[in-house]
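Me: I have a structure open and would like to go through some parts of it. Can we take it piece by piece?
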Amino acid sequence: MKKIFTAILVMLSVAGLAQKATIEGNIYDENQVALQGITIQIESSRHITATDIDGHFFIASIQAGSYTLLATGVGYAAKSKTIIITGGEKVTLNLQLNTVLNTLEEVTVTAKKRLAITNTASLTRTNTAAKDLPQSIQSVSRSTLNEQQIYTVSDAMKDVAGVNVSSNYGSYNFRGFNTTAAGFLTNGIKGSMFPEGVSNSLANIESIEVLRGPAAILYGENAMGGNINFVTKQPKKSLTTNSAVSAGSFGLFRMQADVTGSINKNKSLYYVAGFGTENGGKVTKDWKNQNALIFTAVKWEANDKTSLQLNANYNYDNSTSNYEITLPFIKEDVFSSPTDFNFHGNDAKFKGNSFQLQGQLHHKINNNWGLHLLTGLSQSNADAIYYSIGDYTDPTNDNKVERIKTYSKTRITTPTLNAYTTGIFNIGIIKNSFTAGVDLHKENWIYPAGYRIYSADSISVTHPDHSPFIPEPGPLAADYLYSSYEIFQLKTMGAYIQDQFSIGEKWKGIIGLRYNHYGNFYRADSVNYEDFGTYEERPLKTTAFIPRFGIVFQPTKQVSLYADYNSGFQPQFSNNKLSGGPFKPETANQFEAGAKGEFLQGQLVPTVAFYHINKNNVLTPDLNDPTGNLMRPVGQVRSKGFEATLTGTVIKNWNVIANYAFNETRITKSNEPDEIGMIFSNAPKHITSIWTTYSFIKNGQGLKIGAGYRYTSSRFIRDVKTSDINRVVLPSYSVVDAMIQYDIKRISLYVNANNMLNKKYVQGSYSSRSVFIGTPRDFVATIAYRFVK
């Protein structure tokens, strides 16, 4: 009898499970814009969720019966819907919420096309409201990337306050100091996605976060003026597809596509996958530009406490050179070469490929504590023949420039691991969000076939001959300069603790400490360079304690006032004997104070930040070195300034991204007294930008127009005094852009005009011989399709 009774209970349970249903759907506003963060609840039950970035929601395991589903959010009239579930069925709902003036206050709503960053984990490892952080952070959203048809990082930085392209190999100036692409972050994990010097394709990017100032507590050795964190496109449970085809000036052709969806029936396993390709688009004559990116990510929700996500991408590049295009200049005229001038030989090439793998494991111990593991592995391989500029001019002919030819093969491998725990607890009236962890990071730079450098033939600026330069064989040839097989390794290990605390509703803060240990190793076997011979640097090991403290005061729910002390350090990457090394690491401390606001239900976000940075042991090119290889340290460089931003919706349908930055970076200490007071190179004093759009789109159809303006003040190509009459000036410039967009339900048509006034301008330079020229007037037309099930 017991067995029969048990069997009956089991069958009833199975039958009950079989009758459970699912409800899913999408939430839109009156303009058919998907809404993120809308609360979806089945009344009188424990079933509650929120819409994702695509406005999608999903609720599972619902018993048969009659229910009322309620959708609520700040800025929108609540809507209810009666649902009758008769059995294990799938109910699909699409609801529209209308904007209202009188709203709830406790729930934050973010439209899909919201421009300002609201939450981030990049600075704390916990999902924290940006207004609660005592540090400046700014984001470029996917909607902005789409509107402006942005495909590279250098173009995206025009929408960020105070960031300037400083060189052609992926270096950017943040608050007066350079950060290279090798130091960029991906999903908060160290390791670059791309080979050295390759322009970052953004086909797999959901948003770009710009972190200002040091972030050494979490990342150890790190850029101290600021850094970039790429947030990649994430897996989604709902079926969505995006695709776009673009064509434009200078033979440009691009394709991008991605798809998301669930792999199993209960939607615990879901994915995103896509690709992007680009061909052409470079103004330089006979310049080859071909690249492709394939990416995917899969997330598994094992249960309500444990999740695992794996990210992967592969990048292929086949171009004339991996660096952005530069132009040589004669004497002190930075515009002396034609904009489309190509100084490379016909045999110049860069064939590179790279892959990046990431793992993210999260486990909840209970409602308050969790364990987390982040892992990453990146590898880049490159086979290159490239030409670079030697001296300013050939002494025999003012219309010719000297060149250097290099053969190289490179392999860069970067593994990283970060294990940490998070917890929430109270001490009296103090609420604490605690993080503690350890991380390991290693970089291996290897030239498996060595590299060889030759003095190549000069090339005429007016009548160039692109025939390949064929060097004479043997190390004793007159044109043979240098050959080396090199290995460079950097290993870091760190441990950190951090506490985010709040006292009442108005006071919040963050305090942290990191212990970091790093060592680097360099070996080179060289021939015919000042009897350099075989050289090996034994591991140089250094330890550092890195503190940070910040406080936030919120007099109202809309306004945050903050102050912060932050510090950091960075090993020198030009640390070998050829560059004059080894050198002591760079160290820095920053004081920052500012204000942040969120108005109009969080749709309009102004910020202002004042900062003061002292940076020690900064390397600068040794201009007295005839080879152009040597670097030397400057005692101390001080950077001070402020940044102001306004991002969001001013009135309905009118969006704006406005930025202004003032910076003054000078040498304050030096072993050469004449350098004290010099203005640091590549640091513009003023940068201003604005991008604004107005939408006439209703019910998924209509027009949107937009326009932008950028201004960058003059900079110097090297450290100078203002009284130096021999200084080389990179002139100030202003650029005007415009766009028009037309939507027809799921289809969007874009036409973008960049540099409409066809201004000739210099974006940056890290050499006394060449400059990185901005693109002349160009047009891009795109047709895009989006489907959300």
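Me: In which sense do strand 37 and strand 38 pair, and over how many bridges?
Reply: The sense is antiparallel, with 15 bridges between strand 37 (residues 631-651) and strand 38 (residues 654-669).

Me: Which residue of strand 38 stands opposite Gln 636?
Reply: That is Lys 669.

Me: Switching topic. What is the mean pLDDT of the chain?
Reply: The mean is 83, and 84% of the residues reach 70 or more. Residues 1-18 have pLDDT below 50, and this stretch has two contacts in the model beyond near neighbours in sequence.

Me: And what about residues 101-112?
Reply: Their pLDDT stays under 50 as well, while the model has 33 contacts for them beyond four places in sequence. Where pLDDT is low, the predicted coordinates should not be read in detail.

Me: Are strand 1 and strand 8 parallel or antiparallel?
Reply: Strand 1 (residues 21-28) pairs with strand 8 in the parallel sense, over seven bridges.

Me: Now rings. How many aromatic pairs are in the whole structure?
Reply: A search finds 14. Among them is the tilted pair of Tyr 172 and Phe 184, at 6.0 Å centre to centre with 40 degrees between the planes.

Me: Why does that pair tie together parts that are apart in sequence?
Reply: Because Tyr 172 is in strand 14 (residues 171-174) and Phe 184 is in the loop between strand 15 (177-180) and strand 16 (185-186), the pair ties together parts 12 residues apart in sequence.

Me: Is Tyr 172 buried or exposed?
Reply: Tyr 172 is buried, and Phe 184 is buried too.

Me: Which rings are linked into a cluster?
Reply: Ring pairs link Phe 610, Phe 642, Tyr 660 and Phe 662.

Me: Last one. What lies over the face of Tyr 407?
Reply: Arg 452 does, at 4.6 Å from the ring centre. Elsewhere, Lys 596 lies over the face of Tyr 562, at 5.2 Å from the ring centre.

Note on methods
Residues are numbered from 1 along each chain as its sequence is written. This is a predicted model: local features need pLDDT of at least 70, side-chain atom pairs count only at pLDDT 80 or more; totals for chains, interfaces and linings use all residues. Side-chain values use heavy atoms; hydrogens and water are left out. Two strands pair if DSSP finds at least two bridges between them. Helices (H or I, at least four residues) and strands (E, at least two) are DSSP runs, numbered from the N terminus. pLDDT is the predictor's confidence in each residue, from 0 to 100. Contact means heavy atoms within 4.5 Å. Rings of Phe, Tyr and Trp (its six-membered ring) pair if their centres lie within 6.5 Å; planes under 30 degrees apart count as stacked, over 60 as edge-to-face and the rest as tilted. Buried means under 20% relative accessible area, exposed over 50%, partly exposed in between (1.4 Å probe, protein chains only). A charge sits over a ring if NZ of Lys or CZ of Arg is within 6 Å of the ring centre and within 35 degrees of the ring normal.
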